[in-house]
Amino acid sequence: MTKLYILNGPNKGQFFELKGDTIYIGRSPDNDIQMKDQTVSLKHLKIVTKANKYFIEDLKSKNGTFVDGKQINPDKEFEVKEGIPIAIGGTVICLGKVYPEDDLDMEDLAILDSIDFSKELGENGKVSAQDRILSLQRNMELVYKVSDVLMQSLDINETLEKILNYILDLLKRTDRGFFILVDDETGEISESISIFKKGKDDNTDMYSRTIVDRVIREGKAVIMSNTLMEDEANLSESMKLMKIKSVMCVPLISRSKIRGVLYIDSINKPYAFRRGDLFLLTALGSTAAIAIENASLYSRENIGDRTDNFEKD
């Protein structure tokens, strides 16, 4: 008999056997499974089992239903696979089997980060708000560190390496970080600055060129929280060979010109970061782009001065 497991929320750790092909879940006691979570609607979700497949339907709930961080359309059946976390309000559930425990915390965060709990949510809502405040504090600390290091040195490579160290320290499950710079004249990749959490890699260019080229070309950020859930068409052969599980890449833009990209990935764990981290990375990318531009201008001015002095001599 199929089981429903509660991975996060007030009922965390409980599981229920699904008796019947159609099961209703919600806060009201007249559901087949009652959730003691103020962010869950009275009638929130319907689960239907057909030929060993699972289909869920959001019953026009107040806070929505999310699968893999993406909200599903209400009143439409949506197929889900065993073990894939489903967020209903502030509760995360899965069907059939428990999601691997070592990936669970980041998975919960990846999904719950997409949900707006700004309304009155009772006790559970207060916990969520506290977590968001702590996350905001950590992000602000990183911004201050980056601002400080930008004022300390004109060596752009040293500066960017320090920023990568700060980012990997904050995003614990990220394995590698790259600043990939673009030549102002040709628009081609000129150099890369890289950091690896487990020490230096022999090949510092082992990032997804497909993702990097796309971000440089389109000037838009790319995030893949779990490449195993992505369409095959979105994945390059190099990503499969390197076994990249998560990737995030943002453009470095100043004065409407792309100076390069900031790229991070995880080759060990999916859900290495939340979607909210994309906003942080974008903000850091904008700051870094200005620093890169200033360093480039400073270098040109020095070359110009040396040329002038040489001509005078």
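User: In this predicted model, which residue of β6 is the bridge partner of Ile47?

Analyst: The model is a prediction, and in it strand β5, residues 45-50, is joined to β6 by six bridges, with the two strands running antiparallel. Within β6, the residue that bridges to Ile47 is Ile56.

User: What is the order of the strands in the open sheet with mixed pairing, and which strands are at its edges?

Analyst: This open sheet is formed by five strands, and its pairing is mixed. The order is β4-β3-β5-β6-β9. Pairing on one side only marks the edge strands, which are β4 (33-34) and β9 (78-80).

User: Does Glu57 count as buried or exposed?

Analyst: Glu57 is found in strand β6, which covers residues 53-58. Leaving aside its neighbours within four places in sequence, Glu57 is in contact with residues including His44, Lys46, Asp75 and Lys76. A residue is buried when its relative accessible area is under 20%. Because the relative accessibility of Glu57 is 13%, this residue counts as buried.

User: Why is one side of β13 and of β14 left without a neighbour in the sheet?

Analyst: These strands belong to an open sheet of five strands, paired antiparallel, with the order β13-β12-β16-β15-β14. In that order β13 (189-196) and β14 (222-224) stand at the edges, so one side of each has no neighbour in the sheet, and each has a single partner strand.

User: Which residue of β16 is the bridge partner of Leu181?

Analyst: Strand β12, residues 176-182, and strand β16, residues 257-266, run antiparallel and are joined by six bridges. In β16, the residue that bridges to Leu181 is Gly260.

User: What kind of aromatic pair do Phe178 and Phe196 form?

Analyst: The count of aromatic pairs comes to five. In the pair of Phe178 and Phe196, the ring centres are 5.6 Å apart and the planes stand at 85°, so the pair is edge-to-face. Phe178 lies in strand β12 and Phe196 in strand β13, so the pair ties together parts that are 18 residues apart in sequence. Both residues are buried, and the kind of pair they form is edge-to-face.

User: Which residues do ring pairs link into a cluster with Phe178?

Analyst: Phe178 is buried, as is Phe196. Ring pairs link Phe178 into a cluster with Phe196, Tyr207 and Tyr263.

User: In which helix is confidence lowest?

Analyst: Across the protein the mean pLDDT is 78, and 77% of the residues reach 70 or more. Over residues 101-130 the pLDDT is below 50, although this stretch has 61 contacts in the model beyond near neighbours in sequence. Where pLDDT is low, the predicted coordinates should not be read in detail. Confidence is highest in strand β3 (residues 22-26), at 95, whereas the lowest value, a mean of 44, belongs to helix α1.

Conventions:
Residues are numbered from 1 along each chain as its sequence is written. This is a predicted model: local features need pLDDT of at least 70, side-chain atom pairs count only at pLDDT 80 or more; totals for chains, interfaces and linings use all residues. Side-chain values use heavy atoms; hydrogens and water are left out. Two strands pair if DSSP finds at least two bridges between them. Helices (H or I, at least four residues) and strands (E, at least two) are DSSP runs, numbered from the N terminus. Buried means under 20% relative accessible area, exposed over 50%, partly exposed in between (1.4 Å probe, protein chains only). Contact means heavy atoms within 4.5 Å. pLDDT is the predictor's confidence in each residue, from 0 to 100. Rings of Phe, Tyr and Trp (its six-membered ring) pair if their centres lie within 6.5 Å; planes under 30 degrees apart count as stacked, over 60 as edge-to-face and the rest as tilted.
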